[in-house]
Amino acid sequence: MKTNTNTFRFNTFATPKHINMKTSNFITTLSLSILLFLSSGASAQSSNSNNSDLPSNTNAFGKGTNVLSIGVGVGGDYTYIGDGYSSTPNLVITYDNGTFDHVGPGIISLGGLFSYKGASYDYTDPHSGYYYNQNWNYYILGFRSAYHWNFTRSDRFDPYIGLMLAYYDLSYNVSSSDPDFHNPGNPHYYYYENTYNSYLALSLYIGARYYLSNRVGIWLEFGYGYSNAALGLSFKF
């Protein structure tokens, strides 16, 4: 059984170890395929897209544009989570504002992220038969900025690449069928006494939104950090 000591870590782009690789690879591949499909579709329709319902100051994303995205993510790089651990998908909520325009051929956005991820590890002592269950809850608050370059000049396609600095607020609890595991003399007391510190971490991501209407779109994002791949819906206002 793997144990951890108290640390404060600043993580950057480590390879995730705890996810189901088949699921993560499938969703990442699916995200890439959909992104390429939407990009080609946006390029094909950009020459004749004069939709008067869209904001007049931009194509798909411009200065003053606000976008709220909600979705789920898989994978990611998380301190204290290792092989054999199980984890939930991420609940992801992001907000982006078109803040600086005329930055080369694109626009820089500023925004934030909230995400939740749960993880657990179960162990049964082969001698006593007692089980031990450890649970970690990650509440992630991030400040993010992205560069939006609408190279297709589409009114609906918004590709971007960005960087996020986030605070991972971590809570930990443990339960067991062993009635004495919380006593210092118990050989499994270390489950009870372990503490896990919150920490800062960087995420690098690339993604895109494709608007099905003037306000609602599909959102895809993948990279390193809080998740490997995320998808959901975006709402522009």
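Let's start at Tyr168: setting aside neighbours within four places in sequence, Tyr168 is in contact (heavy atoms within 4.5 Å) with Tyr78, Tyr138, Tyr139, Ile140, Ser198, Tyr199, Ala201, Ser203, Gly225 and Tyr226. Keep in mind that this is a predicted model, where local features need pLDDT of at least 70, side-chain atom pairs count only at pLDDT 80 or more, and totals for chains, interfaces and linings use all residues. Residues are numbered from 1 along each chain as its sequence is written, and side-chain values use heavy atoms, with hydrogens and water left out.

Ser198 counts as buried because its relative accessibility is 14%, where buried means under 20% relative accessible area, exposed over 50%, and partly exposed in between (1.4 Å probe, protein chains only). The Ser198 side chain reaches the backbone oxygen of Tyr168 at 3.5 Å. It also makes a polar contact with the side chain of Asp169 (3.4 Å). A polar contact here is a pair of N or O atoms within 3.5 Å; within protein, one must be able to donate a hydrogen and the other to accept it, and residues adjacent in sequence count only if both atoms are side-chain atoms.

Tyr168 also turns up in the largest nonpolar core, which has 29 residues; there Tyr78, Trp136, Tyr138, Ile140, Tyr168 and Tyr226 touch the most other members. Such a core is a set of buried Ala, Val, Leu, Ile, Met, Phe, Trp, Tyr and Cys residues joined through side-chain atoms within 4.5 Å. Strand S7 (157-176) is among the strands that each supply at least two residues of this core, and S7 gives the most, with seven.

Now for the rings. Phe, Tyr and Trp rings (for Trp, the six-membered one) pair if their centres lie within 6.5 Å; planes under 30 degrees apart count as stacked, over 60 as edge-to-face and the rest as tilted. That rule gives 17 aromatic pairs. Tyr85 and Trp136 make a tilted one, 5.3 Å centre to centre with 40 degrees between the planes. Tyr85 is buried at 6% relative accessible area, and Trp136 is buried at 0%.

Terms used. Helices (H or I, at least four residues) and strands (E, at least two) are DSSP runs, numbered from the N terminus.
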